[in-house]
Amino acid sequence: MRAKVSVIGAGMVGGTSAQRLAERGYSDVVLLDIVEGLARGKALDILQSLPVVGSDAGIIGTASYDDVADSDIVVITSGIARKPGMSREDLVLTNMKIVAGVCENVARVAPESIVVVVTNPLDAMVQLALSVTGFERGRVIGQSGILDTARLRTFIAEELGVAVTSVSAYVLGGHGNTMLALPRLCTVGGVPLRELLPPERVEALVQRAVNGGAEIVGLLQTGSAYYAPSAAAVSMVDSIVLDRKNILPCAVQLKGEYGIDDVVVGVPVKLGAAGVEQVLELALTDDEMAALRRSADAVRETVTLMGLR
Ligand code: APR
């Protein structure tokens, strides 16, 4: 039987994620939004694109959680997006209500599902989703690191004039200004990045990646990025549905790893059919470890704002 993937929120990230999933063809897709016509209209449009792209996936749009029942994976994108001048944290009070309501429904109709959270502020929303669903940590995973890493890889490849696929990069920590890029572990065709670029150029590329979302918000003016975020979220779904066991940077609740307890931050994990099947612990330098802890503290502050603890 084909997997069932539900996407909550049929806005820019949700609609694009549904399109990417339907085009892959390995699952049936449910697109849900409180604005029913938006979900139904986008789903119908995507459905009519599938004969052309050669996929026989099913896709429906709905406002009813009955249609989400027994989903294998639920991707949560519902919530407001940033406008120019806003940080991801500025979204917290609005998005916490939306995400909490969604998670109550998901836990009720799809209690065995794996939840992929995309709504910002990301790490705090994962913490909230864990708390509302009561799911174990391996089944509530946030999309952040794949996007941040992709941004850094893009800028490194552009700078060196090489294929992006030859560049690997590491970004850990919260999905915000305290994210922690690890240039020490970035490689280009297997060669350490620091042998190819002077430290000040590396730092400039890292800063552009840290501000990558804000740069796009500034250009779009009316919303935030969605092509790269949806590609990142769907790559997580790929690894879970196809049991690929990819090692991907994702936001998960740490339980003592990296000396951090009960906080959600981005770290490399193995993603497979069971969700997070392993949290990888990189050997960090003292400075890197301190920066990761600062990032975790920033996430804790946002979680406190929500009154979760
Ligand atoms: N249930 C379902 N859908 C909802 C709900 C709800 N309770 N509340 C809002 N929505 C829907 C809106 O109707 C809208 O269609 O969520 C959608 C959000 O879409 P956009 O405004 O286009 O925002 P988008 O760019 O998709 O970003 C969504 O992802 O990357 C993050 O920071 C971004 O938090 C933001 C989220």
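**Helix pairs and the domain interface**

Modeller: Helices α5 and α6 are oblique to each other, a class left over once angles under 35 degrees are called roughly parallel, over 145 roughly antiparallel and 65 to 115 roughly perpendicular. This is a predicted model, in which local features need pLDDT of at least 70 and side-chain atom pairs pLDDT 80 or more, while totals for chains, interfaces and linings use all residues. Residues are numbered from 1 along each chain as its sequence is written, and side-chain values use heavy atoms, without hydrogens and water.

Colleague: At what angle do α5 and α6 pack?

Modeller: Two packed helices are described by the angle between their axes and the distance between the axes. Here α5 (residues 145–160) and α6 (residues 199–210) pack at about 140 degrees, with axes 9 Å apart. The axes are lines fitted to C-alpha atoms over the stretch in contact, and angles run from 0 to 180 degrees between N-to-C directions. Helices are DSSP runs of H or I with at least four residues, numbered from the N terminus.

Colleague: Which residues of α5 and α6 meet?

Modeller: D148, R151, L152, F155, I156, E158 and E159 of α5 meet R201, L205, V206, R208 and A209 of α6, where contact means heavy atoms within 4.5 Å. This contact has six nonpolar, no polar and six charged residues.

Colleague: How do α1 and α2 cross?

Modeller: The axes of α1 (residues 12–24) and α2 (residues 36–53) come within 10 Å and cross at roughly 30 degrees. α1 is therefore roughly parallel to α2. On α1 the contact is made by M12, G15, A18, Q19, A22 and E23, and on α2 by K42, I46, L50 and V53.

Colleague: What is the corresponding description for α3 and α4?

Modeller: The axes of α3 (residues 92–109) and α4 (residues 122–133) come within 9 Å, crossing at roughly 35 degrees. Their contact has ten nonpolar, two polar and one charged residues.

Colleague: How much area do domain 1 and domain 2 bury between them?

Modeller: The size of an interface is often given as the accessible area lost when the parts come together. An automatic or database assignment divides the chain into domain 1 (3–142) and domain 2 (145–305). The two domains bury about 3,400 Å² between them, 67% of it on carbon and sulfur atoms; this is accessible area (1.4 Å probe), summed over both parts. R88, D123 and R137 supply 20% of the area that domain 1 buries against domain 2, more than any other three residues.

Definitions and conventions:
Helices (H or I, at least four residues) and strands (E, at least two) are DSSP runs, numbered from the N terminus. Ala, Val, Leu, Ile, Met, Phe, Trp, Tyr, Cys and Pro count as nonpolar, Asp, Glu, Lys and Arg as charged, and the others, Gly among them, as polar.
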